[in-house]
Amino acid sequence: DAEISEKSRRYNASRLKQLHAHGVIKLGFASQTGNLGVDSLRSQPSVRAAYLSESHFVELCHQVESIGDLDELTKQGLVCLLTISFRVGLRRGELLKLRVSDVEKSENRWLFIRNNRFGDNKSSSALRKIPLSVFLTPVEKDHFNAYFQRREAYVGTEKNALLFSMPITPHIPHDAYLLSSMTRCLLKSIT
């Protein structure tokens, strides 16, 4: 990465400002007078994050499985999507752009997080591969493997078919907003 994007420069400058501010308060550093070469640092957008207990996560998966308006393959896929999110910590956008071809057909089930026509990663350091089976319980691993086999059989050799989408639209990702809204509503009902 010889060239750093403007977004990365702003992010790094903001982190340095925060670190320096901590040093000023806690360690007696001199106050900063310059702007670190960034004209207008925007504050980082707020992110709503919360801790989800194991029992709430299990209940969330049961709630998804009991949704009446979805076909079984979609429900199974949503449970896998939530499981990967919970266990591995992938971002929503990273999950929604995963293709069937981004899953290695090995015992470890490596996931390849890369840019594709469905979306780009947040930064170049977000390009990575993850040994999925290391993070899953044996039951979750069996559940994912069963879903993956069904999904793979459904989409055939289609290279750009998404891992998580409605069965009749393998090239259209789930709506991120609807997915978040559904998850939020289900979580409110169980907490």
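**View 1. Lys75 is buried, with a relative accessible area of 7%.** Buried here denotes under 20% relative accessible area, with a 1.4 Å probe and protein chains only. The model is predicted: local features need pLDDT of at least 70, side-chain atom pairs count only at pLDDT 80 or more, and totals for chains, interfaces and linings use all residues. Residues are numbered from 1 along each chain as its sequence is written, and side-chain values use heavy atoms, with hydrogens and water left out.

View 2. The side chain of Lys75 reaches the backbone oxygen of Glu65 at 3.4 Å. Apart from neighbours within four places in sequence, Lys75 is in contact with Val64, Glu65, Ile67 and Leu70; contact means heavy atoms within 4.5 Å.

**View 3. Helix 3 (residues 72-88) packs with helix 6 (residues 138-155).** The angle is about 130° and the axes lie 10 Å apart. That makes helix 3 oblique to helix 6, since angles under 35 degrees count as roughly parallel, over 145 as roughly antiparallel, 65 to 115 as roughly perpendicular and the rest as oblique. Axes are lines fitted to C-alpha atoms, for helices over the stretch in contact, and angles run from 0 to 180 degrees between N-to-C directions.

**View 4. Residues of helix 3 meet residues of helix 6.** Among them, helix 3 contributes Leu73, Val79 and Ile84, and helix 6 contributes Phe144, Ala146 and Tyr147.

**View 5. The protein has 7 helices and 2 strands.** Helices (H or I, at least four residues) and strands (E, at least two) are DSSP runs, numbered from the N terminus. Buried residues make up 35% of the 191 residues.

Definitions and conventions:
Buried < 20%, exposed > 50% of the residue type's maximum accessible area, 1.4 Å probe, protein only. Polar contact = N/O pair within 3.5 Å; in protein donor to acceptor, adjacent residues only side chain to side chain.
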